[in-house]
Amino acid sequence: MTAEQPIPESDEAMPDDEAVVDQMIREYGDAKSALRALVGAHRTLEREYELTHAGISYGFSRGWHHGRR
């Protein structure tokens, strides 16, 4: 997946999983490289989520942070 691809507005607009997997394998050359890229992207998203979670107050999120009070 590249940065130029637009983010779909709903699940209906997302391409099927099989096509995405095939595209990633073509872009990265093999399944192991594609998985490495996916794991790296996942770690980045987890880090961004943790930073966002820490920076948003309980009141602003209207209770979305279930563990905080």
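A few questions and answers follow.

Guide: This is a predicted model, where local features need pLDDT of at least 70, side-chain atom pairs count only at pLDDT 80 or more, and totals for chains, interfaces and linings use all residues. Residues are numbered from 1 along each chain as its sequence is written, and side-chain values use heavy atoms, leaving out hydrogens and water.

Visitor: How many helices and strands are in the chain?
Guide: Helices (H or I, at least four residues) and strands (E, at least two) are DSSP runs, numbered from the N terminus. By that rule the chain has zero strands and two helices.

Visitor: How far apart are the end C-alpha atoms of helix 1?
Guide: The expected span is 1.5 Å times one less than the number of residues. With 12 residues, helix 1 should span 16 Å. That agrees with the model, where its end C-alpha atoms are apart by 16 Å.

Visitor: Is glutamate 18 buried or exposed?
Guide: Glutamate 18 sits in helix 1, residues 17-28. Buried means under 20% relative accessible area, exposed over 50%, and partly exposed in between (1.4 Å probe, protein chains only). Glutamate 18 has a relative accessible area of 55%, so it is exposed.

Visitor: Which residue follows helix 1?
Guide: Its phi is positive, near 95 degrees. The residue after helix 1 is glycine 29.
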